[in-house]
Amino acid sequence: MASRLDRRVGAPVGPTGPVGEVDAPARVPDLRVPLLAAAAWLGALAGLTLAPLVLVAVGGAVGAAVGVGLRVHAHRGSRRTSEAGDRRHVVRRTTAAVLLLAVATATVASLHRTGVGTGPVSDLAAEQAGVRGELVVTADPRLRQGQFGDYVVLRGRLEQVTGRGRTYDVASPVLVVAEPGWASVELGSRLAVAGRLAPADGGDLAGMLRVRGAPEVLEEPDGWWTAAATVRAALRASVDHRPEDQAVLVPSLVVGDDAGLDPDLAADFATTGLTHLLAVSGTNLTLIVGFLLVIARWVGVRGRGLHVVAALGIVGFVLLARTEPSVVRAAAMGTIGLIGMGRNGRERGTRGLGAAVVVLLLLQPWLALTAGFALSVLATAGILFLAPGWRDALATWMPRWLAEAIAVPAAAQLACTPLVAGLSGEVSIVAVVANMAVAPVVGPATVLGLAGGLVGVVWTDLSRVPGTLASWCVAWIIAVARWGAALPVASVGWGTSALAVAVLALVCLAAVPLAPRVLRSRAAVVVLCLVAGLAVVVRPPTPGWPPADWAVVACDVGQGDALVLRAGPGSAVVVDVGVDPEPVDRCLDDLGVTQVPLVVLTHFHDDHVGGLDGVLDGRTVDAIDVSPLAEPASAAEDVARAAAAAGATATVPAYGSRRQVGDVVLEVLWPLPGAYAGTSGSSGEGGRDGEGSGPNDASLVVLAQVRDVSVLLTGDVEPPAQRGLVRELAAAGRTLDVDVLKVPHHGSRHQDLDLLLGVTAEVALVSVGADNTYGHPAPDTVVPLERTGVRVLRTDLSGDVAVTERDGRVGTAVRRD
């Protein structure tokens with residue numbers, strides 16, 4: 001029964017089942033409430049982005065127009081005798097309601113923005129003042145990995161703050177950044193805090209508070225938060241005996257608790273369109289509340305009693321998953337899914353969707369700016385409006401249950417595709433198939449996981465029975481995600497520009513009327529499936545890649561470096577190799593590189609040496625140049641073993657040495673002789689406060705000449721080494737005027753601008769991973785380069801980046817898979 005409860009949900013491409021009884025396709029639903037929702041959305045956007053004076057002027061004009069219209073309408077209505085049902089009457093009233101609601105939401109949003117952006121906390125943040133105060137924790141702490149070590153972030157509400165000699169009673173939302181010891185802080189607790197305020201990037205935050213020391217608890221959480229935390233802990237305990245990925249994914253699937261999730265697995269879920277399973281969505285609420293209703297009916301609850309059970313289930317779900325805006329949004333969309341399962345589902349669901357959007361935006365105007373809110377609304381609308389017709393078309397030649405299983409994820413995916421492409425630059429090809437494959441187990445996994453948490457409150461050992469069953473279901477979901485992501489063409493690159501998104505939106509709109517006609521034809525569907533299957537299995541050649549005149553390519557290897565210098569036909573010098581073998585191997589294959597006479601490993605951090613096997617696999621490698629500082633020692637030993645196994649020699653090049661490898665000439669500019677030999681440095685990703693670290697500052701800095709293109713390869717050198725390099729060049733009377741700069745340390749904010757701007761490069765390459773947690777590249781690094789006319793190209797945005805040379809002129813080309 002639980003698997004039949006997974007219906008019209010408010011999450012992108014959610015797991016699905018039968019759509020339920022809906023109105024006949026010929027009946028046009030009442031769109032007045034959706035129009036009100038659109039007006040509320042536009043009003044909220046205006047209130048959050050426009051200046052207050054502009055809002056006042058526009059609001060006054062709209063109010064005057066509505067007043068005049070209503071007076072004219074009343075005057076004409078007094079002379080009517082039988083025009084009560086006239087359509088113009090309805091249109092006028094609807095227009096007036098739309099305009100007034102837009103003004104109302106704009107006003108509410110503007111007040112929210114003003115409340116956050118003004119007041120004592122925002123003033124103190126602008127001054128970066130040291131403060132003390134009392135904080136109520138409003139979101140679970142999250143442990144993050146940063147450039148200088150682990151740290152904790154959490155959201156809270158400052159209710160008292162003392163700064164600059166004065167004490168204020170406030171209620172200001174802030175983002176707290178703290179030491180790892182804060183990971184044990186409980187939601188709902190009141191803490192005494194001390195630290196420094198700074199301006200926050202988030203629009204709904206009054207500031208960012210960097211706290212000092214351990215947390216001091218003033219009040220424990222209220223009883224309901226303690227109860228919810230107990231269930232969440234029991235849920236984790238019910239699966240802690242299972243493999244790590246399964247043990248993490250079950251709580252994530254049930255209540256959105258994804259702490260400890262492997263980033264690589266999360267990336268696989270994103271590629272296959274299954275990301276919604278990692279966060280709280282309407283699916284969770286639909287399944288959990290639906291399950292409670294089944295149990296209630298089984299024990300004899302009827303009538304209004306079922307409404308009470310549903311309401312209690314919704315409240316309990318919100319407490320379990322936390323009362324963050326994303327959870328409230330998911331609860332609202334899940335409630336619409338429950339409504340849509342009843343009679344007259346489309347009509348009631350449409351009205352419910354519009355009403356939910358209006359209410360949510362009035363309560364939380366900042367949702368208007370979030371991608372998650374937009375995706376939930378689009379997915380729910382797609383399921384309500386498109387899925388019934390598509391299901392009926394497919395049902396003409398296949399079983400109805402199978403038609404529904406295909407139609408619902410396809411409709412949600414189509415509705416969300418333009419926005420997803422605009423956010424990620426990709427269009428997933430396998431999303432619909434992946435969601436269909438996991439649909440049968442999502443319901444059982446969610447319900448069994450919740451059962452494990454509830455049973456675990458009273459009996460931990462017994463809770464492992466449903467926990468194990470839930471983890472078996474999750475194992476299938478993980479297998480589908482990894483299989484889909486491993487396909488040669490699981491997704492295709494798409495631009496993120498307004499034009500690219502608009503073109504994709506037009507294509508999706510054109511598919512809406514065509515889809516039912518195509519789906520009625522069995523032959524057409526079979527052909528489409530065969531074409532799609534071929535497209536994901538066989539990687540087509542990228543037209544125009546690599547460019548015929550390429551000289552240097554920065555490979556997209558995620559958060560790491562891998563650059564290829566063309567040494568001749570099928571031959572290249574490779575500088576750093578990224579963290580994983582597959583991306584650099586793919587990049588070299590695409591470039592047609594079969595011989596690598598030299599590999600340069602600037603230093604031994606994993607994001608520069610971890611992918612060495614990808615270069616060695618199937619290619620001839622003659623020599624490997626390495627940093628003089630063999631730290632981290634384990635990575636240096638791994639490189640030595642891999643080099644020996646490949647028959648190559650790993651050596652430290654001499655300072656100032658020059659060598660020619662085919663069409664490439666290399667000169668070692670750093671480090672200085674003996675500066676790092678035998679020393680030990682931090683093996684982390686950089687020194688604290690930009691002071692550098694041994695391995696980073698011991699990076700090989702190489703000046704390369706590839707035919708007529710000069711390239712400065714800087715590894716991860718930080719300000720101390722950068723300043724040393726500038727001094728040595730000045731002492732030698734040299735100035736660097738290069739065509740291409742490989743920006744040090746992935747564009748970290750810790751840079752010496754005398755070096756970056758002094759090389760007068762035409763092109764700056766930033767090798768960086770998308771959505772990395774280090775904040776790379778930093779605006780403080782990118783903006784100065786751009787202001788001097790340097791063209792900055794990033795692998796996280798452009799994919800593989802090629803620098804070309806023709807007739808002495810440098811050009812660029814990009815390729816995003």
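Reader: How many of the residues count as buried here?
Author: Of the protein's 817 residues, 50% count as buried, meaning under 20% relative accessible area with a 1.4 Å probe and protein chains only, whereas exposed is over 50% and partly exposed lies in between. This is a predicted model, in which local features need pLDDT of at least 70, side-chain atom pairs count only at pLDDT 80 or more, and totals for chains, interfaces and linings use all residues. Residues are numbered from 1 along each chain as its sequence is written, and side-chain values use heavy atoms, with hydrogens and water left out.

Reader: OK, and which residues of H26 are buried?
Author: In helix H26, which spans residues 779–787, the buried ones are Thr-781, Val-782, Pro-784 and Leu-785; helices here are DSSP runs of H or I with at least four residues, strands are E runs of at least two, and both are numbered from the N terminus.

Reader: What covers them?
Author: The cover includes helix H25 (753–758) together with strands E21 (763–766) and E22 (791–794), where contact means heavy atoms within 4.5 Å.

Reader: And what follows H26?
Author: Gly-789 follows the helix, and its phi is positive, near 95°.

Reader: Switching topic, where is Val-457 found?
Author: Val-457 sits in the loop between helix H15 (431–456) and helix H16 (460–486).

Reader: Buried or partly exposed?
Author: Val-457 counts as partly exposed because its relative accessibility is 41%.
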